[in-house]
Amino acid sequence: MIQFFYENLPESVTTDYQQWLEDIILSEEKKTGEINYIFCDDEYLLKINQDYLQHDYYTDIITFDYVKGKTISGEIFVSLQRVSDNASTLSRDYEEEVRRVLAHGILHLAGYKDKTEEEEKEMRRKEDFYLNKYHNLKG
């Protein structure tokens with residue numbers, strides 16, 4: 001089950017992404033477990049980054065992996081403030097950037113990494129692939 005929560009923010013992300021995210025999981029030959037998206041602001045996510053990962057910088061997403069076998073479970077924290085800033089900096093549509101980050105979290109839970117240049121290229125390729133699938137579904 002995929003759920004959406006808001007920490008210090010009004011509800012602003014549509015939940016019609018749920019089926020699309022579940023389709024990503026199935027396409028990766030995984031099963032949907034318990035997945036919680038927690039939407040927050042920069043300061044909330046910075047505190048998580050500092051407390052749990054010992055990183056002292058802003059980020060748009062932090063994924064906590066509770067995957068067991070092929071069942072995808074986890075908590076995905078998303079700073080909508082950072083997503084908005086990134087969309088502006090990269091000249092992208094805000095909703096498109098939200099979808100990219102949502103898919104990014106699922107892809108991490110499916111086993112994709114983005115620490116090396118090669119891993120990052122593969123992650124971007126997968127994000128683009130699933131964003132195109134979203135547009136084809138809605139198109």
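Leaving aside neighbours within four places in sequence, Y37 is in contact (heavy atoms within 4.5 Å) with I2, Q3, F4, F5, L21, I76, V78, L102 and I106. The structure is a predicted model, in which local features need pLDDT of at least 70 and side-chain atom pairs count only at pLDDT 80 or more, whereas totals for chains, interfaces and linings use all residues. Residues are numbered from 1 along each chain as its sequence is written, and side-chain values use heavy atoms, with hydrogens and water left out.

Y37 also belongs to the largest nonpolar core, which has 31 residues and in which W20, L21, Y37, F39 and V78 have the most contacts. A nonpolar core is here a set of buried Ala, Val, Leu, Ile, Met, Phe, Trp, Tyr and Cys residues joined through side-chain atoms within 4.5 Å; buried means under 20% relative accessible area, exposed over 50%, and partly exposed in between, with a 1.4 Å probe and protein chains only. At least two residues of this core come from each of strand 1 (2-6), helix 1 (18-27), strand 2 (31-40), strand 4 (71-79), helix 3 (80-89), helix 4 (94-109) and helix 5 (117-138), where helices (H or I, at least four residues) and strands (E, at least two) are DSSP runs numbered from the N terminus. Helix 4 provides the largest share, 7 residues. Another core, of 7 residues, lies apart from it and includes I38, C40, L45 and F77. In soluble globular proteins, nonpolar side chains tend to be buried together.

Rings of Phe, Tyr and Trp (its six-membered ring) pair if their centres lie within 6.5 Å, and planes under 30 degrees apart count as stacked, over 60 as edge-to-face and the rest as tilted; the whole structure holds 11 aromatic pairs. One of them joins Y37 and F39, stacked at 6.2 Å centre to centre with 10 degrees between the planes, and both of these residues are buried. Ring pairs also link F4, Y6, Y37 and F39 into a cluster.

V78, another residue of the largest core, stands in strand 4 opposite I61. Strand 3 (residues 61-65) and strand 4 pair in the antiparallel sense over 5 bridges, given that two strands pair if DSSP finds at least two bridges between them. Their hairpin has 5 residues between the strands, and G69 takes a positive phi near 60 degrees there.

Side chains of opposite charge can pair when their charged atoms come close. With a salt bridge taken as a side-chain nitrogen of Lys or Arg within 4 Å of a carboxyl oxygen of Asp or Glu, the count comes to 11.

| Salt bridge | Closest N and O atoms |
|---|---|
| K126 and E28 | 2.9 Å |
| R125 and E122 | 2.9 Å |

R125 and E122 are 3 residues apart in helix 5, separated by about one helical turn; R125 is partly exposed at 47% relative accessibility and E122 is partly exposed at 26%. R124 and E127 also lie 3 residues apart in helix 5, about one turn of the helix, with R124 partly exposed at 33% and E127 buried at 1%. Salt bridges that share partners join R100, R124, E127 and D128 into one network.
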